[in-house]
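This briefing concerns a structure with several chains. Please have the sequence and the 3D view at hand while reading.

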Amino acid sequence: MLRYTLRRLLGAIPTLLLVIVLAFLLVHAAPGGPFDDERALPAEIEANIAAVYHLDEPLPMQFLRYLGGVLKGDFGPSYSYRDYTVSELIGRSFPVSMQLGILAMLLATVIGVSLGILAALKSNSALDRVVMGFAMTGISIPVFVIAPLLVLFFAVKLHWLPASWTGSADASRLLLPVLSLALPQIAYVARLTRASLIEVLSSDFIRTARAQGLGTAAIVRYHALKPAMLPVLSYMGPAVAAVLTGSVVVEEIFGIPGLGQLFVRASLNRDYTLVLGVVIFYAALIILLNLIVDLLYGAIDPRIRRR
Amino acid sequence: MKTTRLLPVMFATLAVASILLAACSDRGSDRDSSRSDTPVLDRALSTEPESLDPQKSRSVQAADVLRDIGEGLVSYDASGEMVPATAKSWEISADGLTYTFHIRPEARWSNGDAVTAADFVSGLQRLVDPATAAFYAAELGNVVNAADIVAGKLEPGELGVAAAEAQTLVISLVRPTPYLLSLLTHPSTFPVHRGSIEQHGDAFARAGNLVSNGAYVLADWEPGAIIELHRNPYYWNDAETSIDVLRHHIVTQEVAEFNRYRAGELHITSTVPPDNFDRIRAEFADQLHIAPTLGVYYYGFNMSKPPFADNPELRQALSMAIDREVLVEAITGRGEAPAYSWVPPGVDNYEPVQLPYADLSQQERNAIAQSLYRKAGYSEQNPLRFELRYNTSDTQQRIALAVQAMWRNVLGAEAQTVNVEFQVLLDQMREREVTEVFRSSWFGDYNDANTFLAIMQGDSAANMPGYSNPEYDELMRSAGEQLDLDRRRLYLEEAERVLLADHVVIPLYFYVSKHLVKPEVEGWQDNILNYHYSQHLSLGAAEQDGRP
Amino acid sequence: MSAVARIWARMRTSKTVMVSGGILCAIALLAIAGPWISPNEYLTANFDNILRAPTPSAGHVFGTDDLGRDLFVRTMMGVQVTFVVAIVASVVSLVIGVLYGATAGFVGGRVDAVMMRLVDTLYATPFIFFVILLLVVFERNFLLIFVAIGAINWLDMARIVRGQTLSLREREFVQAARLIGVSTPRIIVRHIAPNLVGIVIVYVTLTIPQAILIESFLSFLGLGVQEPQTSLGKLVNDGTKQMEGASWMLLIPGTLLAAILLCFNFLGDGMRDLFDARRTQ
C-alpha cells in the first residue's frame with residue numbers, strides 16, 4: 001500500500017511538470033503584458049517594472065527562475081495584487097471555494113439521493129413525475145440564470161438573504177451561492193439514484209428477497225441501496241468538475257473571494273504568476289484526490305488493487 | 001460499510017456541514033458587532049485595487065481607498081475645491097521654482113507618531129526610486145533630478161526635495177509647474193511611515209502593518225471581496241470625522257452592484273447599470289447622482305499607416321459624419337456630454353477649444369463631410385473600407401455599431417467592427433500595425449489641461465494615434481515654461497487648436513460619474529474630480545423601508 | 001441491412017427517442033428556415049426600435065434587443081450556432097476518443113497501459129482553466145471553442161470505447177479476421193468500429209448537452225462566441241441583465257435553451273435504453 005502510494009506520487013511529478021510547462025508557455029504567448037494600461041507608461045518606468053519582476057530576462061531564464069521558486073514552494077509575487085504573493089492569495093481563497101464546493105456537494109448528495117429514492121419507490125406516480133420534472137428542469141437551466149433569479153427574489157424583493165458575500169458576516173451569505181451551485185447537481189444525482197434503484201429493484205436477488213417476505217423498506221435499506229449507489233459514487237468525479245466550473249460563475253455573481261474568480265481575473269489581467277499558481281495548485285489537488293479515491297476503492301474492494 | 005449506515009452517514013455529513021457553517025459565522029461575528037452600534041458606511045469599488053501601497057498603486061480605485069487612508073500636503077473638500085491638508089500653508093517663490101510647505105504640528109500617523117517633512121521626503125524619493133517600480137514615477141518629472149533618478153542615473157537621495165526643518169518641506173523644480181499642487185493631492189505623493197517600511201519591507205502596506213496618516217486606517221483586506229477601514233483616532237482632523245467603519249466592497253458586475261444596493265448592502269454604488277437606465281432614473285430619481293467628470297471617450301486614427309496617415313481631409317470627414325447628439329441620447333444615454341473638444345469643460349484655468357465645425361448643424365456637417373470624402377477619392381462605387389477596433393464590452397459595442405451605421409449612412413464608408421480583449425487592444429494600439437481606427441479614452445490625473453494635452457506630444461507613451469507635429473510639441477514646450485497662468489493658458493489653447501485641426505482623434509463624448517447614493521448619506525457633493533472622501537460623509541436616520 | 005437502417009429501426013420503437021428527437025428536428029428546421037422567412041436581418045441595429053416587447057403586428061415576434069435588433073432572427077441564429085458548436089465539439093471528441101480508445105483496447109498490453117496512463121494524466125489537468133487560458137491567448141476564435149470543448153470530452157469517450165473494445169477483441173469474428181491475416185488498422189476500422197456505433201451514439205447524445213452548457217458558461221465569462229454572432233448561451237446571458245425590464249430577452253432564449261437541453265437529455269436516456277448492451281441484457 002505504501003509502495004503503491006509512493007509510486008503514484010512519483011508518477012505525478014512528470015504530469016505536474018508537463019502542466020507547468022504548458023501553462024507557462026500559454027500565459028507568455030498571450031498578447032498584452034501584465035502592466036499594460038490605457039495610461040501607457042514611459043519607457044524608463046516600464047524598464048524599471050520589468051527589471052523588478054524579471055520580465056526583461058529571456059523566457060527560458062524566466063522559466064528556470066520560476067521552476068526554482070516552485071520547487072522551494074514559492075510561487076512568486078502576484079502582478080495584479082502587488083502587496084501579496086501567489087501562495088498567500090491561493091491560501092486565502094482556496095478555503096472559501098472548498099467550503100462552497102463541499103457544502104454544495106453535500107447538499108446535492110443528500111437531497112438528490114433522497115429525492116431519487118422517493119421517486120424510485122413511487123415510480124410512475126404523480127410524485128415521481130413532479131420530482132423528475134424538477135430534476136430535468138434543474139439540469140436544463142444554466143447556473144448564471146438560476147443565481148441572479150435567486151438574488152432578485154430572496155435578496156432584492158424579500159430582503160431575506162444577502163445578495164452577496166460581503167452583504168452579511170454570518171452563514172446566511174453561503175445559502176444562495178450553495179443553492180445555485182447545488183441545484184443542477186441535485187437533479188443529476190436524483191436521476192441517477194432513481195434509475196439505478198429501479199434497475200436494482202427489478203433484479204433477481206431482490207425478487208428472491210421479496211419472495212422471502214421482506215418489506216419494501218427493508219429491501220431498500222438492506223439490499224438495494226448499496227448496489228444502487230455505485231453509479232452515484234462514480235458520478236462524484238464529474239460532479240467535482242462541474243462544481244469547479246460552476247463555482248467560477250457563482251463566485252463572480254455573488255462576489256465571493258474564491259479561487260475561480262481569482263483565476264478569471266488573473267488570466268484577463270495577464271497576472272502570469274497567479275495564473276500559473278492556480279493551475280499548478282489545481283492539478284496537484286486533482287492528482288491527490290484521484291489517489292485518495294483509488295486508495296479508498298482499494299480498501300473497499302481488494303480486487304481493484306491489482307497494479 | 002454496511003448499507004444500514006448510509007442514511008446516518010448522510011446526516012453525519014450534514015452535521016459536518018453545519019459545523020462548517022458555524023465556523024464561518026464565528027469568524028465574521030466581530031464584524032457584525034461593529035454594525036449594530038457604530039455607523040458603518042458601505043461603498044463599492046468597481047475593480048479591486050492592485051495595491052494599497054501609495055507609491056506602488058495605480059488604479060483609480062486604489063486611489064479612492066488611499067484618499068481615505070492617507071493624506072497629502074494638499075487635498076480637496078467635498079465640493080472638489082483644493083484645501084490645505086497635512087500642510088497647513090505654503091509659499092511659492094517668485095520664479096515659481098521653489099515650493100515651501102509648512103506641515104501641521106498636530107498631524108499624526110495612525111500609531112501616534114508625528115508626521116514630519118522627512119516622511120514626505122521619503123515618500124517622494126520612494127516614488128522615483130527605480131527599485132519601487134512605481135507607475136506614477138514620471139509625474140514628478142519637473143522636480144530637480146527626478147527624471148535622472150527614474151532613469152537610474154542618480155540616487156533617489158538626490159531628488160530636489162528637502163526637509164528644511166522638522167515641519168518644513170521644500171520642493172525644487174526645474175521649470176514652473178502650475179499644476180504641482182494638484183499633483184500633490186495624488187496618493188502617489190503621500191508620505192510614508194519610515195519605521196514601518198523598515199520593519200515590514202514590501203509587506204508594509206498590509207492590514208495590521210500599514211501605518212497611515214489619513215482619517216482612516218486599514219483594518220482588513222479580503223482580496224476579491226472587501227477592504228475594511230476603521231477610524232484613525234490620531235488623525236489631526238478626527239473631530240470632523242463622523243463615520244467609524246468604512247467598507248469598500250469589490251463589485252465588478254454592474255447588475256450585481258445594483259442588486260446589492262437595492263438589497264440594502266451598499267450605501268453608495270460606483271456606477272449604474274446601462275440596462276434599464278430610464279427605469280432606474282425614474283425609480284431612484286432622488287438617489288441618482290450624475291456629474292461631469294475629467295474623462296474623454298474618443299476614436300483615434302493610426303497616423304502611421306494608410307489610409308489615414310497624411311489624409312487629414314478623410315479624417316475630418318469621418319469625424320464630422322458622427323452625430324454626437326444622437327450618440328449620447330440614444331446610445332450611451334446616461335447623461336454624457338457630446339465632445340467637440342479634446343479637453344473636457346470644467347478644467348481649472350482653461351477654456352477648451354471647440355472643433356472648427358462645432359457651430360454647424362449636423363446636416364451642414366454631413367454635407368461638408370460628403371464633399372471631403374469624395375475629394376479624398378472615395379465614392380459609392382469605391383467606398384472606403386477599414387476596421388474599427390474596440391475592446392469587448394457592451395457599451396463599446398453599442399457605440400461602435402452606431403458609429404458604423406452613421407458612417408455608412410452619411411458617407412457610404414464601410415467600417416468593419418472588430419472587438420478584441422482590452423489587453424490585446426492596448427498592445428495593438430501601441431504597435432500601430434493592425435489598427436486603423438480604434439477606441440480609447442483618457443482620464444485626467446489632476447485638474448489641469450496639461451494632463452490631456454501632454455499625452456499627444458510626439459514622445460508620450462500614451463500617444464496612441466502616433467501623432468507627431470513639431471508645431472504642437474513646440475507650443476506644449478512653451479506652455480511649460482510660462483509662469484503666468486493666463487499666458488500659459490494661451491499656449492495650451494493654441495496647442496489644442498492645432499491638435500483638433502489635424503483631426504488625429506475624434507472626441508465622441510465626455511464621461512460622467514454615476515452613483516446611486518442612499519438618502520441617509522449626508523454630505524455628498526457631486527464634483528468634476530469624482531472624489532468623494534469618506535471623511536466628509538455622515539449617516540443620518542435610515543429610511544424605514546430599508547433592511548433592519 | 002446496413003448499420004444505419006438497423007439503428008433507425010431500433011430507434012423507432014422508443015417513444016421517448018422519437019418525441020424528443022422530433023422536437024429537436026423541429027427546432028433545428030425552424031432555426032434554419034426562420035432567418036429566411038423573417039423580413040428582419042440579424043445584424044441590423046435600429047436605434048428607434050430599442051427593447052420592444054414581442055409584437056407580431058410590428059413584425060417582431062420575439063421583440064427587439066437593446067440595440068433594436070430583431071430577437072426572432074437573432075434567437076434563430078443563436079440556435080444554429082449552439083447546435084453547430086455542440087455537434088462539432090461532440091464529433092471532435094468522438095473522433096479522437098474512438099480512435100484512441102479503440103487502438104488502446106485492441107492493441108492491449110504495454111501500449112494500452114501507456115495510452116491509458118496518458119488519459120489519467122490528462123484527467124489531472126484542470127481543463128476548464130486551460131480552456132479559459134486558450135481562449136484568452138488565441139482571442140476566442142470560433143474554431144477554438146469547438147476544439148476546447150471537444151478536448152474536454154474525449155477522455156470519457158476514450159475510456160468507454162476502450163472497455164467495449166476489450167470485450168469485442170475476444171469475440172469470434174475478430175479472432176477469425178486476425179487468423180486470416182487482416183491488418184490491425186483494418187480490423188479496427190472494419191470490424192471493431194461498426195460494433196461500437198451503438199454505445200458511441202449514446203454517449204455523443206449525452207455529450208451534446210454538456211457541450212452546450214460549456215459554451216454558455218464561456219459566454220458568461222465573455223469568452224464564447226463574439227458579437228455580432230451570437231449563441232443561445234450568449235443570448236440568455238444578455239437576457240439575465242435585462243430580466244427586470246425586458247423579461248422576454250431572458251425568457252424566450254432561456255426556454256429554448258432549456259427545451260434543447262431537455263430533449264437531448266431525454267434522447268440520450270432513450271438511446272441508452274436501446275443501445276447500451278449492459279442495460280438491455
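How many helices and how many strands does the secondary structure of chain C come to? The secondary structure of chain C comes to 11 helices and 0 strands, where helices (H or I, at least four residues) and strands (E, at least two) are DSSP runs numbered from the N terminus. This is a predicted model, in which local features need pLDDT of at least 70, side-chain atom pairs count only at pLDDT 80 or more, and totals for chains, interfaces and linings use all residues. Residues are numbered from 1 along each chain as its sequence is written, while chains are lettered from A and ligands numbered from 1 in the order in which they are written.

**Chain C overall**

- Read from the N terminus, the elements of chain C run α-α-α-α-α-α-α-α-α-α-α.
- Along the principal axes, the C-alpha atoms of chain C fill a box of roughly 75 × 45 × 25 Å.
- Of the 281 residues in chain C, 47% are buried (20 or more other C-beta atoms within 10 Å of the residue's own, with C-beta atoms placed from the backbone).
- Among contacts in chain C with a separation of 6 or more, 69% are between residues 24 or more positions apart; two residues are in contact if their C-beta atoms, placed from the backbone, lie within 7 Å.

**Helix packing around α10(C)**

- Helix α8 (residues 184–220) of chain C packs with helix α10 (residues 248–275) of chain C at an angle of about 165°, their axes being 9 Å apart; axes are lines fitted to C-alpha atoms, for helices over the stretch in contact, and angles run from 0 to 180 degrees between N-to-C directions.
- α8(C) is therefore roughly antiparallel to α10(C) (an angle over 145 degrees).
- The contact of α8(C) with α10(C) involves, among others, Ile201(C), Val202(C) and Pro209(C) in α8(C) and Phe264(C), Met271(C) and Arg272(C) in α10(C).
- The residues of this contact of α8(C) with α10(C) divide into 13 nonpolar, 4 polar and 1 charged; Ala, Val, Leu, Ile, Met, Phe, Trp, Tyr, Cys and Pro count as nonpolar, Asp, Glu, Lys and Arg as charged, and the others, Gly among them, as polar.
- Helix α5 (residues 126–140) of chain A also packs with α10(C), at an angle of about 115° and with the axes 8 Å apart.
- Met136(A), Ile139(A) and Ser140(A) in α5(A) meet Ala258(C), Leu261(C), Leu262(C) and Asn265(C) in α10(C).
- The contact of α5(A) with α10(C) has 5 nonpolar, 2 polar and no charged residues.

**The sheet in chain B**

- Chain B contains an open sheet of 4 strands in the order β1-β10-β9-β8, with mixed pairing; two strands pair if DSSP finds at least two bridges between them.
- The edge strands, each pairing on one side only, are β1 (40–45) and β8 (216–222) of chain B.
- β1(B) pairs in the parallel sense with strand β10 (residues 245–250) of chain B over 6 bridges.
- Leu45(B) has Ile250(B) in β10(B) as its bridge partner.
- Helix α2 (residues 60–69) of chain B lies across β1, β8, β9 (226–231) and β10 of chain B, and runs at about 135° to β8(B).

**Contacts of chain B with the other chains**

- In the contact between chains B and A, 56 residues of chain B meet 53 residues of chain A.
- α1(B) gives the most to the side of chain B that touches chain A, with 13 residues.
- The side of chain B that touches chain A has 28 nonpolar, 15 polar and 13 charged residues.
- Between chains C and B, 13 residues of chain C are in contact with 16 residues of chain B.
- The side of chain C that touches chain B has 4 nonpolar, 4 polar and 5 charged residues.

Key. Angles under 35 degrees count as roughly parallel, over 145 as roughly antiparallel, 65 to 115 as roughly perpendicular and the rest as oblique. A residue is buried if 20 or more other C-beta atoms lie within 10 Å of its own, exposed if 12 or fewer, and partly exposed in between; C-beta atoms are placed from the backbone.
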